[in-house]
Amino acid sequence: MKGVVIKSTGSWYKVLCGGQRFDCRAKGKIRLEDAKSTNPIAVGDWVEFEPENDTQAVISTIYDRTNYIIRKAANLSKQSHIIAANVDMAYLVVTLHSPKTLLLFIDRFLISAEAYAIPCTILINKCDLYTSKQDCKTIREWTEIYQKAGYEIICVSVQTGENIDKLYQLTAEKTVVFAGNSGVGKSSLLNAIAPHAASKVADISKSHNKGKHTTTFAEMYELPNGARVIDTPGIKSFGLLDFEKEELSHYFPEIFRASKHCQFYNCTHTHEPQCAVLQAVRWNKIALSRYENYVSCLLDENAKHRK
């Protein structure tokens with residue numbers, strides 16, 4: 001039987017097939033074959049499984065993935081963790097404060113999405129809270145930065161309903177993933193566009209001004225508009241897996257576009273003469289923060305190769 005994984009708890013998986021849900025475990029060979037990953041089976045995977053009774057089954061095969069979002073595992077730096085598989089769109093939920101999302105975090109997530117050809121939209125959540133002049137300025141700056149790079153950026157608010165209907169329409173008939181730091185309101189957004197999902201929502205920890213982990217495991221919810229939305233646990237940091245440093249610039253769309261006009265085909269965009277990327281940064285065609293984060297990731301990759 002064939003079904004889609006709608007929840008993963010690490011050792012057990014909930015699989016949906018023809019409207020029926022099965023609690024599944026994986027055959028040992030699957031775990032061994034993907035020993036480099038902390039979760040060889042991810043939410044969004046299509047799998048072949050063999051029922052043992054009316055509610056339980058064993059997963060025997062994972063079908064090839066069209067794509068996936070992947071990052072370094074939090075505690076095991078040499079292992080990977082698959083956030084979601086077979087997705088049509090990723091929505092990165094960010095906030096200006098309570099908690100503050102760092103631009104480096106945003107760019108690292110976008111790198112991973114670009115590497116696996118997953119379109120990404122940035123959602124600035126809790127917009128009802130951003131009333132100060134500085135907040136308004138920051139929203140304008142972030143919008144300019146990521147629109148230059150080619151990303152759509154949308155302000156949303158559960159409290160006021162700002163762009164909630166738009167988000168519901170955008171997700172129609174697609175498999176999408178909501179990702180972001182803890183406390184940015186992923187589950188609240190899911191509740192707003194699909195109240196029946198009833199995701200757990202918790203207050204922000206006042207002592208640390210960070211989000212509590214209300215979503216413990218990734219889970220997929222079906223919406224009346226035909227969407228399949230994957231809600232994911234909050235990510236504290238986004239560690240990149242090893243990329244070929246020569247390819248890193250490909251995952252910054254605006255840098256990749258400019259690089260076609262560089263004098264040298266193997267330009268690193270750090271010091272070479274007649275570098276079109278450096279020129280674009282000087283002319284503000286490429287945001288300085290994006291360029292600086294590109295260099296930061298490049299230095300990280302250089303350090304890895306020296307080890």
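A residue is taken as exposed when its relative accessible area is over 50% and as buried when it is under 20%. The model described here is predicted.

By this criterion, the face of helix α3 turned away from its buried side carries the exposed residues Lys-133 and Arg-140. The buried residues of α3 are Asp-135, Thr-138, Ile-139, Trp-142, Ile-145, Tyr-146 and Ala-149. Viewed down the helix axis, these buried residues fall within an arc of 130°, and they therefore line one face of α3. Helix α3 comprises 17 residues, 133-149, and at 1.5 Å a residue should span 24 Å; the C-alpha atoms at its ends are 25 Å apart, which agrees with that expectation. Just after α3, Gly-150 adopts a positive phi of about 105°.

Leaving aside residues up to four places away in sequence, Cys-120 touches Met-89, Ala-90, Leu-92, Phe-109, Leu-110, Ala-113 and Tyr-151.

Aromatic side chains were examined next. The structure holds five aromatic pairs. In one of them, the ring centres of Phe-22 and Phe-49 are 5.1 Å apart and the planes meet at 50°, so this pair is classed as tilted. Phe-22 belongs to strand β3 (residues 20-26) and Phe-49 to strand β4 (residues 46-51); the pair therefore ties together parts that are 27 residues apart in sequence. Both Phe-22 and Phe-49 are buried. Tyr-291 and Tyr-294 form another tilted pair, with 6.2 Å from centre to centre and 40° between the planes. These two tyrosines, Tyr-291 and Tyr-294, both lie in helix α8 (residues 288-306), three residues apart, or about one turn of the helix. An α-helix has 3.6 residues a turn, so residues three or four places apart point the same way. Tyr-291 and Tyr-294 are both buried, and together with Phe-252 they form one aromatic cluster.

Aromatic rings also take part in arrangements with charged side chains. The charged end of Lys-2 sits over the ring of Tyr-63, at 4.6 Å from the ring centre. Arg-65 lies over the face of Tyr-68, 5.6 Å from the centre of that ring.

Definitions and conventions
Residues numbered from 1 in each chain as written. Predicted model: local features only at pLDDT ≥ 70, side-chain atom pairs only at ≥ 80, totals over all residues. Heavy atoms only, no water. Helix = DSSP H or I, 4+ residues; strand = E, 2+ residues; numbered from the N terminus. Expected span 1.5 Å × (residues − 1). Buried < 20%, exposed > 50% of the residue type's maximum accessible area, 1.4 Å probe, protein only. Arc of directions from axis to C-beta. Phe/Tyr/Trp six-rings, centres within 6.5 Å; stacked < 30°, edge-to-face > 60°. Lys NZ or Arg CZ within 6 Å of the ring centre and 35° of its normal. Contact = heavy atoms within 4.5 Å.
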